[in-house]
Amino acid sequence: MSRRGWLLFATMSVIWGIPYLLIKIAVAGVPVPVLVLARVAIGAALLLPVALRRRELRTLVPYRRWLAVFALVEIITPWFLLSEAERRLSSSMSGLLIASVPIIGALLARLTGDAERLTAVRWTGLLAGLAGVALLAGPGAAGGDARSIGEVLLVAVCYATGPLIASRKLSAAPPIGMTAVCLGFAALVYAPAAALTWPGSMPSGKVLGALAGLAVVCTAAAFLFFFALIAEVGPARATVITYLNPAVAVALGVSVLGERFTPAMAGAFALILGGSVLATRPGLRRRAPSPGAPPPVGPGAPPPVTRGNLDEGGSLSG
């Protein structure tokens, strides 16, 4: 990998590990609908000019229905649930639970038509990863209640579903234009709820800084860096940051917010991370698809160029 590739890789690993910390700070000062609106509206405002300059918006018209579904699954629903959960759940716990996205993605791909065989190694990875999730979410879990843990696990399901939709229905859509339109649509959806819950006084500078960081750094800039990383090292290598984001989230939660990091959390993270690596290993090489066949889908295929490839956090994660 080139020096530029390593720099982009390190940048993205940090950027998409930060949102959990910033969400935890922001929800202390503004209602969840306002938080999500600020993030998606500012992100859309920054990315739409880039998409317009690249003339990507007009080509998205045939995909409008699936873009709405993708936005619902990848942005509108998970960003609300994640922000709502972090009102009670620690940011480090959120990051660890989101690390289960590759595990859930492997299961969903198999259940929805992935033809690649689940080998003994991949089954081992799936079971290890699920055991790690159970350890985090089971009785005595630190840092949150059952409801908030359930909300973050639903976020993980959304983040695992998004790439399947993108790969099967939006694979030919230009990525920056698709992201900008989805963020804009999410802003329209959240505007009424944000207006009804708008805070009566100006939030603190700390909260405003967190909102700005989420929108500018973790959304708009992150997408531009991520697409540059894709171009530099390819989609398969780019998504390796999936395995580093949770570690960044935990480190920030513990060092900045003073959150607890227990031995059980460390063991769960090792199980989820190791399980993800094993569960998403490519299987046996299959026959090349015929011309015009749909792109391959599943853990063994190059992922679609979307935020859903990542756990940011979401990607459009976190």
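Predicted model: local features only at pLDDT ≥ 70, side-chain atom pairs only at ≥ 80, totals over all residues.

Reply: Happy to! A polar contact here is a pair of N or O atoms within 3.5 Å, where one must be able to donate a hydrogen and the other to accept it.

Ser-100 sits in the loop that links helix H5 (91-98) to helix H6 (101-111). Its relative accessibility is 1%, so Ser-100 counts as buried, the cut-off being under 20%. The side chain of Ser-100 comes to 2.6 Å from the backbone oxygen of Leu-97. Beyond neighbours within four places in sequence, Ser-100 is in contact with Val-133, Leu-153, Ala-156 and Ile-272.

Now for the largest cavity. It holds about 40 Å³ of space. Ten residues line this cavity, and those closest to its centre are Ala-99, Thr-242, Tyr-243, Leu-273 and Ser-276. Helix H13 (residues 263-279) contributes the most to the lining, namely four residues. By type, the lining has seven nonpolar residues, two polar ones and one charged one.

Finally, the nonpolar packing. In soluble globular proteins, nonpolar side chains tend to be buried together. The largest nonpolar core in this model has 86 residues, and among those touching the most other members are Trp-16, Leu-35, Ile-98 and Met-178. Helix H10 (residues 205-233) supplies the largest share of this core, 13 residues. There is also a second, separate core of five residues, including Ile-103, Leu-118, Leu-126 and Ala-279.

How values were computed
Residues numbered from 1 in each chain as written. Heavy atoms only, no water. 1 Å grid on protein atoms, 1.4 Å probe; cavity = no way out; pocket = protein on both sides within 12 Å on 5 of 7 lines; lining within 4 Å. Points joined across faces, edges and corners; volume = space filled by probe spheres on them. Helix = DSSP H or I, 4+ residues; strand = E, 2+ residues; numbered from the N terminus. Nonpolar A, V, L, I, M, F, W, Y, C, P; charged D, E, K, R; others polar. Core = buried A, V, L, I, M, F, W, Y, C linked by side-chain atoms within 4.5 Å. Buried < 20%, exposed > 50% of the residue type's maximum accessible area, 1.4 Å probe, protein only. Contact = heavy atoms within 4.5 Å.
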